[in-house]
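The sequence and the model are shown first, and the description follows.

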Amino acid sequence: ADHVDAVDFSARFIRNALSLREHGQIRYLITDEGELTHLKEARLEDMNLAEFAERVVFSQGDACNLKSLYQGYDLVFAGNLIDRLYEPALFLSDMAHRIKTGGYLVLTSPYTWLEEFTEKQHWIGGYKENGENLRTIEGINRLLSPQFEPVSEPIDVPFVIRETARKHQHTIAQLSIWRRI
């Protein structure tokens with residue numbers, strides 16, 4: 001892409017991204033066990049991203065209350081975000097105003113609904129409605145139509161988060177792609 005706006009709620013994540021772009025590398029500690037850690041390094045050059053780094057503008061922001069400048073997009077990617085928002089329906093309904101007609105919304109999420117992130121009254125799936133299961137993908141479809149249509153069937157995307165050298169969290173997110181009508 002010629003231009004990318006990268007927005008995250010975590011100011012620390014944004015600081016780290018800015019440091020990586022500015023210096024071309026970032027060093028960080030990972031836990032091996034207990035208090036034992038070792039130093040790792042991520043380098044833009046090693047990921048073939050050095051030439052693209054200046055195209056990205058990193059900003060701290062709230063996905064449920066985005067600034068008006070964030071609009072006119074061909075593509076919005078919301079990775080593992082929906083089930084961590086305090087009001088996911090607000091975010092989804094706002095996307096019709098942010099994405100151009102013919103543009104795409106790409107969502108991934110394991111749909112791990114927890115009340116510490118989203119009060120139950122704001123869940124968009126993962127509960128029973130009138131005695132029937134309401135899956136999150138069905139809730140997403142309700143909220144996005146008629147402004148969006150699914151491009152294909154959702155697919156599962158496994159990923160692993162390393163906690164320590166011997167403990168990893170294996171998760172399967174569901175990826176869905178929607179086109180703005």
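Leu-44 is buried, its relative accessible area being 9% (buried means under 20% relative accessible area, exposed over 50%, and partly exposed in between, with a 1.4 Å probe and protein chains only). Leu-44 belongs to the loop between strand S3 (36-43) and strand S4 (56-60); helices (H or I, at least four residues) and strands (E, at least two) are DSSP runs, numbered from the N terminus. Not counting residues up to four places away in sequence, Leu-44 touches Leu-20, Arg-21, Gly-24, Leu-49, Ala-50 and Ala-53, where contact means heavy atoms within 4.5 Å. Between the C-alpha atoms of Leu-44 and Cys-64, 20 residues apart along the chain, the separation is 30 Å.

The model is predicted: local features need pLDDT of at least 70 and side-chain atom pairs count only at pLDDT 80 or more, while totals for chains, interfaces and linings use all residues. Residues are numbered from 1 along each chain as its sequence is written, and side-chain values use heavy atoms, with hydrogens and water left out.

**Overall architecture**

Three helices and 11 strands make up the secondary structure of the protein chain, in the order β-α-β-β-β-β-α-β-β-β-α-β-β-β along the sequence. The C-alpha trace spans about 50 × 40 × 30 Å along its principal axes. Of the 181 residues, 32% count as buried. Among contacts with a separation of 6 or more, 63% are between residues 24 or more positions apart.

**Nonpolar cores**

In soluble globular proteins, nonpolar side chains tend to be buried together. A nonpolar core is here a set of buried Ala, Val, Leu, Ile, Met, Phe, Trp, Tyr and Cys residues joined through side-chain atoms within 4.5 Å. The largest such core has 25 residues, and Phe-91, Leu-92, Leu-105 and Leu-107 touch the most other members. At least two residues of this core come from each of strand S5 (73-79), helix H2 (88-98), strand S6 (99-109) and helix H3 (136-144). H2 gives the largest share, four residues. Leaving aside neighbours within four places in sequence, Leu-92 is in contact with Ile-82, Leu-105, Leu-107, Ile-124, Ile-140, Leu-143 and Leu-144. Another core, of five residues, lies apart from the largest one and includes Leu-20, Ile-26, Leu-44 and Ala-53.

**Salt bridges**

A salt bridge is a side-chain nitrogen of Lys or Arg within 4 Å of a carboxyl oxygen of Asp or Glu, and by this rule the count comes to 11. The table lists examples.

| Arg-27 | Glu-41 | 3.1 Å |

Arg-27 in strand S2 (residues 25-33) and Glu-41 in strand S3 are 14 residues apart, and their pair links distant parts of the chain. Arg-27 is exposed at 53% relative accessible area, whereas Glu-41 is partly exposed at 35%. Arg-142 lies in helix H3 and Glu-129 in strand S7, so this pair ties together parts that are 13 residues apart in sequence. Glu-129 counts as partly exposed, at 27% relative accessibility.

**Backbone features**

Ser-145 and Pro-146 are joined by a cis peptide bond with omega of about 10°. Pro-146 sits in the loop between H3 and strand S9 (148-150). Asn-130, a residue other than glycine, has a positive phi near 55°. Asn-130 is in the loop between S7 and strand S8 (132-134) and counts as exposed, at 76% relative accessibility.
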